[in-house]
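Subject: Structure handover

Hello,

Here is the structure for you to look through. My notes follow below it.

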Amino acid sequence: MKKYDNFNFKAGLIITAVIVLIAVVGCFATPYPSTQMNMELKFSAPTASHIMGCDNYGRDIFSRVMEGIRNTLFIALGTVAIGTFFGVIIGAVCGYFGGRIDDALMRINDVMFSFPSILLALVIVSILGTGSFNVVIALGIAFIPSFARIVRAEYKKNVALDYVQSAALFGAGHLRIIFVHILPNIIPVLLSAVMIGFNNAVLAEAGLSYLGIGVQPPEASLGRMLSEAQSYMFTAPWYAIFPGIAIAVMVLGFALVAEGISEDTVKGGFR
Amino acid sequence: MKQVFKKIISMFATLLIVSAVVFAAFEIIPGDPATSKLGSNATAEAVARLRAQMGLDRPFIVRFLSWLGDMLKGDMGISYSYNMKVSSMIVDKLPITLVMTAISMILTLVISVPTAIFLAKYAKSGIDRTGQIMNQALMAVPSFFLGILMTWLFGMVFKWFRPGGFISYRKNVAGFVGYLFWPSLAIAIPKCAMSIKLLRSAILSEADKEYVRTAYSRGNSTMEVLYRHVLKNALVPLITFWGMTVADMIAGSIVIEQVFNIPGLGRMLLTSISNRDYPVVEAVIVLIAFVVVLMNFIVDLICRKVDPRIK
Amino acid sequence: MMTFKKLFRKGIALMLVTMAVALSGCSGDKAEGTSDGTITIGIPQDLEDGLDPHKVSAAGTKEILFNIFEGLVKYDEFGNLIPALAQKYEISEDGLTYRFSLRSGVKFHDGSDMSADDVVYSIERCADATAGEPLVPAFSNIASVVKEDNSTVVITLNAADTEFLASLTTAVIPKSNDDPATKVIGTGPYRYVGRSPQESIELEAFDKYWGNKAHIKNVVLKIVANPDAIVMELTGGSIDMICRITDTQAEELKGSDFKVLEGTMNLVQAMYLNNAVKPFDDVKVRQALCYAIDPQEIMDFVSGGKGTEVGSSMFPAFGKYYDESLNHVYDRDIDKAKALLKEAGYPDGFSFTVSVPSNYQQHISTAEVISEQLKAIGVDAKISLIEWDSWLSDVYVGRNFEATVVGVDASTLTARAMLERFVSDSGKNFVNFSSAAYDEAFKKAIGTVNDGIQTESYKECLSILANEAANVYIQDLPTFVAIRNNIDGYKFYPLYVQDLASLYFTEK
């Protein structure tokens, strides 16, 4: 493994670490119960005890943002896991073997690729029904094609290289070559793709929950908070601003890490 | 030429599979259009009668083939909820989405190309660094959040436009374009940031190549080198990116339409999905897929033209 | 005939508005002619179920079509049935024969005269039972519809039905119209001009209307699909009026160019429980929920404390049947709720799912508050938002649910419309409520022509629903209408209707 020590990588890592920390802490405790309602605190502006203010039920926005980050992060994690797992398998098989299998699978891949991922997720969710679990599946499926493409291209490149040829000469089986010999060599590229995947998954989840699909109330979701906050832009602008910033910061963190990785990996190309 | 022909064939094959998949997907969806149409007071007989009338009682494959045949003839069927021709509904909505995408794309090009050249020219300077940081931040803001902020700031505080004041192109073309400018800007900003980043590094990597040094040694000025050689080559990877961006913009408009209350294709798709208005949903999805596939095809053609190395 | 004195018990502003209308009506200047100008009204959804007045079912569609179509009789703003296309009517002593004298000089929007043939055609179209249930279920009772002469129509019934007249609000459409789904021709004060799906519907005042003509010439009904954007659209100037905004949105409009009128929605909002599934098949569990849930707190959160509590399936506009004492059958009592749960065998509570249609913000908010309140007795209520369409097919028709929060209204202003659905074998009994005593009381109510006995029996039905805790009854939701300051004349109806013809501009 290379050492990544450029600025982007470090900054991204710090942001991501803080986000993950918030999410993990949010699993166990939030400053206030995220669904606790209080009539007197309706639309209270940010104060020392409620640092992000309160919403239309007098619920603490900071606690809800914490919960929202946690939910978004889990959905992104599930999405990327599904996308990577199937993407690597499909991409590896296509790239390594080529020929008929490659043609057939890539044709299906192209079909799915011709749907923008949010549209594909929308259709899948309307079949499966709403709920965070279904959103994970829908986005996961929608993310497979892009992973498959990247992995396939890398395998195509590697298959022609000497080390693979010699591994084959030494009698290594296909599976062994695919997973033991080639896979480690494409990890930097894959890692960067995973981080970009996180980035896109967070955006897609936020978009879907803005449309009311995904995490169900009273549980908090950043996109839904944004949607609700639109009614109260004049009286309670903080209601929209904090969830929005939370999404942007999450995306920024992942993007910077991805940037940092590719900066040190892709030699000669970009600088 | 043979390659191009092959591409066209595979384009249609892709579309055929898309339409089959979409058609099948709505087979297994819960909720029945007949029940939905009749509402809460429907009896079982009435539902059965309507199903027969709508042709829903025929086997799947029969319905698919007849639908496909009609589609090829340009007949997209009749909407369940509007009793209108789906084709005329789409013709009505398509300009909204197309104009919005076009404005976003123009904004992206007009802003990103000069900015990227500027940043590349002053690479590693203070301006470049600041620009890159701003760029990175803008890339991270989801366009619908930008849309909400813009509605609040420009619509409600500065009153530069009327939030939700969409004007149909049939009534007032200038007003129509004027309103769509804002959502288009919200869509364009993150894409712009991405273009700037890609183009900047593409220019820099080109500038490092042998032929540039040769050009300099022949006495060409920086400007000449940049515009005549570097930019032409640096744009090749960007064309692919922009092609994909168009598809992304069309999809992204589904959410943005909701923010700005625009009755475009995205809105029509969302409501048709919840109304189980299958003829509309299928037509819209196939249409979007068609646009995406077509974009890929065009990008491919352009790349071939610009860069003869691509086979 | 019913009157609803207690209709608007709150909202002095509203009373003033109504008076203003009455006054201007007297002076006569507003009643004359139509002023130029356009009003843009926001509506939450497109008229998605079509424009054929006999076939639409969505309340949101019907309330608009009210302005385009009329029946022999129609409702006024107090819920009284007044003659419309019929000038007068006589009902025979035995309640079997209805004789209508038609108004003369009524024109359809296409310019043709309305005739007895059109009336007979329209009623027969809705009574046609060859393919199952007729379009208007009450018409299955019709023995014959006869055109006696050019201005008289006689309807004969199989059995007396005190509530039959209400079904004659059914639209009269021209016999010559071969395609009512696309050719929208009625006799109402507004005529249909055109539409653009998901964008807008345009209406224009009908200059040959038989009655008081509409004041404002052009009406644009603009679809505002995102409820969270309503305030921005109003203050931004895109719409002049919108109905049914929430209390918080109304507050947001303070100090703007808009006035906010308050009325009631005339429906029963409740957490409807599927009485046939565990654990709600146990009356003790249902009662425990009723004790644990505090409607007043829900109203505070959801509607700024402005709703009207209901304790059974009847809203206050039905002054005759609405019984305030039923609101106190279950006052909040956590200990009692816990004790009941223990008796029922759930000492540690249980968990269930509330299905809520995703397009109704008030119901979603209510479910959120309920879920929070139930935590006090250890019951975990999960919320699942579903599309309105899935709600219809899965919850309402399929009865495949545990609990749901919705508002149930009356399709006609009759007690029967509210209460028939809880009869054990009723096709509309989506909560699977089953009580022999209830069935008995209901049968008694519809079987009599004696008003006193009928009222008594309906009231008994209501108290059975409350005592059996059929559902967790909450409130009749308040409704807020935002109107630009230069427009007046809005009337609240005790049923789902938007009367556009009464609106007028206060300034030039």
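First, a term: domain bounds here come from an automatic or database domain assignment. This is a predicted model, in which local features need pLDDT of at least 70, side-chain atom pairs count only at pLDDT 80 or more, and totals for chains, interfaces and linings use all residues. Residues are numbered from 1 along each chain as its sequence is written, while chains are lettered from A and ligands numbered from 1 in the order in which they are written.

Chain B, domains

Twelve residues from domain 1 of chain B and twelve residues from domain 2 of chain B make the contact. (Two residues are in contact if their C-beta atoms, placed from the backbone, lie within 7 Å.) On the domain 1 side, helix 1 and helix 2 (33-38) of chain B each supply at least two residues. Helix 1 of chain B gives the most, with eight residues. (Helices are DSSP runs of H or I, at least four residues, and strands are runs of E, at least two; both are numbered from the N terminus.) By class, that side of domain 1 of chain B has seven nonpolar, four polar and one charged residues. (Ala, Val, Leu, Ile, Met, Phe, Trp, Tyr, Cys and Pro count as nonpolar, Asp, Glu, Lys and Arg as charged, and the others, Gly among them, as polar.)

Chain B against chain A

How many residues of chain B are in contact with chain A? There are 34, and they meet 29 residues of chain A. Several helices of chain B each supply at least two residues, among them helix 1 (2-25) and helix 8 (173-207). Helix 10 of chain B gives the most to this side, with seven residues. The side of chain B that touches chain A divides into 28 nonpolar, five polar and one charged.

Chain A

Chain A has nine helices and zero strands. Its C-alpha atoms fill a box of roughly 75 × 45 × 30 Å, taken along the principal axes. Look at helix 2 (residues 61-97) and helix 3 (residues 99-113) of chain A: their axes come within 7 Å and cross at roughly 140°. That angle makes helix 2 of chain A oblique to helix 3 of chain A. (Axes are lines fitted to C-alpha atoms, for helices over the stretch in contact, and angles run from 0 to 180 degrees between N-to-C directions. Under 35 degrees is roughly parallel, over 145 roughly antiparallel, 65 to 115 roughly perpendicular, and the rest oblique.) In the contact of helix 2 with helix 3 of chain A, seven residues are nonpolar, one is polar and one is charged.

Chain C

Chain C is divided into domain 1 (36-45 + 189-264 + 479-505), domain 2 (69-169) and domain 3 (267-476). Eight residues of domain 1 of chain C are in contact with eleven residues of domain 3 of chain C. Chain C also has an open sheet of six strands, in the order 14-18-13-17-15-16, with mixed pairing. (Two strands pair if DSSP finds at least two bridges between them.) Which strands are at the edges? They are strand 14 (308-309) and strand 16 (380-386) of chain C, and each pairs on one side only. Strand 15 (residues 351-357) and strand 17 (residues 403-408) of chain C run parallel, joined by two bridges. In strand 17 of chain C, C:Ala403 is the bridge partner of C:Val354.

Best wishes

Definitions and conventions: Pairing = 2+ DSSP bridges.
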